[in-house]
Amino acid sequence: MTSNASNHRIRGARVEVRDGARDWQAFADRFSALEHNVEKVLRGKHEQIRLALVALVAEGHLLIEDVPGVGKTMLAKAIARSIDCSFRRIQFTPDMLPTDITGVNVFNQERGDFEFRPGAVFANVVLGDEINRASPKTQSALLECMEERQVTIDAETHPLGTPFIVIATQNPVEHEGTYPLPEAQLDRFMMRLSVGYPSASVEAEILASHSVGEPLAEIEPVCDAPAVADLILTARAVHVAAPIRTYIVDLVEASRRHADIYLGASPRASIMLLRAARAYAAADRRDFVIPDDVKALAAPVLGHRIIVTADAAMAGRDTLTVIDDILTTVEVPVAEPERE
């Protein structure tokens, strides 16, 4: 559905669909080109790729939690190569220092003053591999970077570029020598995804492609940093009607009242869900958000922000089960045709 669609009414509120505000077809075409380019490397994971690119366009960050060898690092590298942007990989270890990430001021003997040497975070796509292996002190170095898109060293602030996305990975099975991410750190990530194992047929295709070379080396960029910045600006212009905003608030509020939830979603979760829904709608060639956009994003955006009670966990109820309950119980705004 394009921006030429007629006006709709949702719970009595008029949804203004603006003709010619943006070229939504061009947005969707470029977004689709990125999807197909990344899928050349990470086959059979269309939904995960779309969500990762939604996080990029919505100016969010991504936490990929899965077992080793399913393509977490490959996804980050393929996105960076597809948008022809700078890419830095940080292999988190217990002895890593915060300055390894943010940078440090070094005294220049020739000039007689200090000069700033940027850390690994100064890139468009930053891969934090096994982020939970670093100490909490080192993990906290990413808080300012992810939230404010800047780095402050010795009272001097250094802005980060556009686009900027942190894609962090962690292994949910191995816990020895790891430091669980604190809630403040988790809340900085727009989404948490799991790549999952490929199907048998897709895995056979992967073996065939790796027998003739490295697939990542064969993909070419389909856009550049200014083009991604334009996608970000376009996504910001997607219209969100008042009933949709109320629906998002109702979902988040329900997570705070649910009997099986110990810690509900924060107001930042509402903002992240709104921004992600805008990018998701634009990727679907629409300049307005519908309830289905919000429902599709509820689990990846809210799942890592809520904590179930001990009794619920013992009963086998996890965050995804509780989110399904919330989506079932919260009233969904219904669009009706505009009457003359």
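Setting aside the neighbours within four places in sequence, alanine 312 is in contact with Asp260 and Arg317. Bear in mind that this is a predicted model.

So where does alanine 312 sit? You'll find alanine 312 in helix α14, which runs over residues 310–314. And is alanine 312 buried or exposed? Its relative accessibility is 3%, and buried means under 20%, so alanine 312 counts as buried.

Now, on to a pair of helices. Helix α11 covers residues 242–257 and helix α13 covers residues 291–302. They pack with their axes 11 Å apart, at an angle of about 30 degrees. Angles under 35 degrees count as roughly parallel, so that's what we call α11 and α13. Their crossing is right-handed.

Who makes the contact? From α11 it's Ile244, Tyr247, Ile248, Leu251 and Val252, and from α13 it's Pro291, Val294, Lys295 and Leu302. By type, that contact has eight nonpolar residues, one charged and no polar.

Last, the whole chain. There are 340 residues, and 49% of them are buried. The secondary structure comes to 15 helices and 14 strands. If you take contacts with a separation of 6 or more, 77% of them join residues 24 or more positions apart. The accessible surface is about 15900 Å², and carbon and sulfur atoms account for 51% of that.

Technical notes:
Residues are numbered from 1 along each chain as its sequence is written. This is a predicted model: local features need pLDDT of at least 70, side-chain atom pairs count only at pLDDT 80 or more; totals for chains, interfaces and linings use all residues. Side-chain values use heavy atoms; hydrogens and water are left out. Helices (H or I, at least four residues) and strands (E, at least two) are DSSP runs, numbered from the N terminus. Buried means under 20% relative accessible area, exposed over 50%, partly exposed in between (1.4 Å probe, protein chains only). Contact means heavy atoms within 4.5 Å. Accessible areas come from the Shrake-Rupley method with a 1.4 Å probe; for residues, only the protein chains shown count as cover. Axes are lines fitted to C-alpha atoms, for helices over the stretch in contact, and angles run from 0 to 180 degrees between N-to-C directions. Angles under 35 degrees count as roughly parallel, over 145 as roughly antiparallel, 65 to 115 as roughly perpendicular and the rest as oblique. A crossing is left-handed if the near helix is turned anticlockwise from the far one by less than a right angle, and right-handed if clockwise. Ala, Val, Leu, Ile, Met, Phe, Trp, Tyr, Cys and Pro count as nonpolar, Asp, Glu, Lys and Arg as charged, and the others, Gly among them, as polar.
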